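Please go through the fold described here with the model open beside the text. The account moves from sheets to core and domains, then to backbone details.

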Amino acid sequence: MTEPLKDRAVQRTRDLAILGATGSIGCSTLDVVSRHPDEYRVHALTAHTSADELESLCVRHNPRYAVLSGLPEDTALRRRLRGAGCPTELLFGAAGLLQAVEECDAVMAAIVGAAGLAPTLHAAGLGKQVLLANKEALVMAGPVFMRKARDAGAVLLPIDSEHNAVFQCLPTDASGRAKVSEVRRILLTASGGPFRTAPLEKLGAVTPDEACAHPNWSMGRKISVDSATMMNKGLEVIEARWLFDVEPSRIEVVIHPQSIIHSLVDYVDGSVIAQLSNPDMRVPIAHALAYPRRMESGAKPLDLAAIGQLSFEPPDLQRFPCLGLAYAALRAGGTAPAILNAANEVAVDAFLRGRLGYTAIAQVIEEVLGRLEGGEADTLERVLEADRSARACAAQCVENRTERAA
Ligand SMILES: NC(=O)c1ccc[n+]([C@@H]2O[C@H](COP(=O)([O-])OP(=O)(O)OC[C@H]3O[C@@H](n4cnc5c(N)ncnc54)[C@H](OP(=O)(O)O)[C@@H]3O)[C@@H](O)[C@H]2O)c1
């Protein structure tokens with residue numbers, strides 16, 4: 001079980017495992033942690049195949065464990081680390097991800113995609129403090145995940161800037177859980193991505209590099225494409241549903257191109273509370289690391305006069321069909337969100353590899369949701385089975401389109 005949050009007022013050095021350390025969130029986390037060496041010690045770092053990047057992170061941060069989950073044993077790397085005087089024990093394969101979270105106090109869950117589910121769920125089941133960037137874990141297995149976290153006394157702290165903002169705008173109980181009883185609506189903001197105003201007829205021809213060129217945030221390629229299609233916002237609506245235990249009809253999305261307001265909470269008395277900052281993921285990361293205190297993140301202070309204007313508009317579901325698909329999957333319930341997530345991962349991967357057009361991403365997802373019958377999502381096995389079937393079905397849909405185009 002984790003220690004009660006009130007005991008953290010007297011801070012001691014805490015051991016942190018970073019799942020997905022070589023990614024965008026992983027690097028931002030290491031940046032924040034490096035500013036506070038007395039508060040956090042790097043216990044474990046993981047990557048999938050980025051061996052060189054992980055090696056340099058080990059030399060710099062000297063973790064107890066490092067994991068390359070997608071590679072077989074590499075004795076040369078082990079020798080190199082020893083030669084550099086690095087005390088790190090190197091683990092290979094997916095089992096290493098589970099070991100990485102076992103002896104630490106807190107876990108930054110920043111693996112991208114469904115691959116993050118097993119180790120994040122394991123950390124929650126061990127009652128760790130889980131800093132949740134991997135939204136896909138909650139999208140796939142929300143009820144299973146939340147039940148396990150609650151039973152084990154885990155503390156979940158949102159890293160997605162929108163959910164972190166909502167968390168900051170809500171009252172929390174003694175165990176750090178947000179309370180939504182007096183809330184009318186949660187308003188998630190979205191930038192609208194790089195194609196917010198592009199002519200609709202041009203979207204069929206956009207390239208992966210264009211889709212990844214987000215106007216405000218620098219992120220990994222998968223979430224960048226999700227931001228362009230607004231599937232990212234759809235996944236966040238599902239994440240918010242489970243994280244804050246609110247029904248879908250009370251979660252709305254508003255486009256806010258400047259990405260300064262990260263989300264808002266509308267209370268029953270008409271008060272609306274928002275959280276603002278420059279778009280820099282070190283802000284929510286530092287908030288979650290220091291919670292319930294505050295610590296310096298390295299982000300620039302906000303200069304509202306220089307920004308001048310904040311604007312808002314409703315999302316256009318013709319331009320962003322993925323957002324509508326995500327709401328539909330959430331309303332359908334059961335395994336539908338897991339199917340949506342898996343189909344999206346396959347379609348985005350095919351788009352990034354040049355095998356699928358940008359507008360076909362939503363079409364593939366819709367086809368998969370139409371073809372597969374959803375079921376109960378009350379056990380991890382059922383969720384994983386839905387994930388497998390949806391991946392196979394989506395791969396077939398992509399293949400059919402490739403053949404038709406040839
Ligand atoms: N980036 C953001 O600003 C942001 C904001 C909010 C939420 N998030 C969420 O945070 C998560 C990470 O996003 P990101 O942008 O940091 O992603 P990213 O830059 O693509 O990094 C992904 C990390 O996960 C590892 N990884 C990839 N595939 C894996 C697999 N199959 N098994 C185990 N590890 C794997 C990668 O290792 P390799 O380097 O070896 O491939 C890398 O360390 C996502 O769920 C995203 O939705 C991100």
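The report below covers two sheets, a nonpolar core, two domains and some backbone features.

Residues are numbered from 1 along each chain as its sequence is written. The model is predicted: local features need pLDDT of at least 70, side-chain atom pairs count only at pLDDT 80 or more, and totals for chains, interfaces and linings use all residues.

**Sheets**

Helices (H or I, at least four residues) and strands (E, at least two) are DSSP runs, numbered from the N terminus. Two strands pair if DSSP finds at least two bridges between them.

Angles run from 0 to 180 degrees between N-to-C directions, and axes are lines fitted to C-alpha atoms, for helices over the stretch in contact. Strand S6 (residues 129-132) runs parallel to S7 and is joined to it by four bridges. Here Gln 129 faces Val 155 of S7.

The other open sheet has four strands, ordered S9-S8-S10-S11, with mixed pairing. Its edges are strand S9 (251-255) and S11, each with a single partner strand, so one side of each is left without a neighbour in the sheet. Neighbouring strands are turned by 20 degrees against each other on average, direction ignored. Two of its pairings are set out here.

| Strands | Sense | Bridges | Residue pair |
|---|---|---|---|
| S8 (residues 183-190) and S10 | antiparallel | five | Leu 187 and Leu 264 |
| S10 (residues 261-267) and S11 (residues 272-276) | antiparallel | five | Val 265 and Ile 273 |

Helix H7 (residues 161-169) packs on this sheet, touching S8, S10 and S11. The direction of H7 makes about 40 degrees with that of S10. S10 and S11 form a hairpin with four residues between them. In the turn, Gly 270 has a positive phi of about 100 degrees.

**Core and domains**

A residue is buried if 20 or more other C-beta atoms lie within 10 Å of its own, exposed if 12 or fewer, and partly exposed in between; C-beta atoms are placed from the backbone. A nonpolar core is a set of buried Ala, Val, Leu, Ile, Met, Phe, Trp, Tyr and Cys residues joined through C-beta atoms within 7 Å.

The largest nonpolar core holds 128 residues. Among the members that touch the most others are Val 107, Leu 131 and Ala 394. Helix H14 (residues 336-352) gives the most to this core, with 11 residues. Contact means C-beta atoms, placed from the backbone, within 7 Å. Not counting residues up to four places away in sequence, Ala 394 touches Ala 342, Ala 343, Val 346, Ala 347, Val 364 and Val 368.

The domain assignment, automatic or from a database, gives domain 1 (5-158) and domain 2 (333-396). Their centres, taken over C-alpha atoms, are 27 Å apart. Eight residues of domain 1 are in contact with 11 residues of domain 2.

**Backbone details**

Most residues other than glycine have a negative phi, and most peptide bonds are trans. Met 230, between helix H9 (221-229) and helix H10 (231-243), has a positive phi near 70 degrees. Met 230 counts as buried because it has 30 C-beta neighbours inside 10 Å. Ser 259 lies in the loop between S9 and S10, with a positive phi of about 50 degrees. A cis peptide bond joins Tyr 291 and Pro 292, with omega about 10 degrees.

How values were computed: Contact = placed C-beta atoms within 7 Å.
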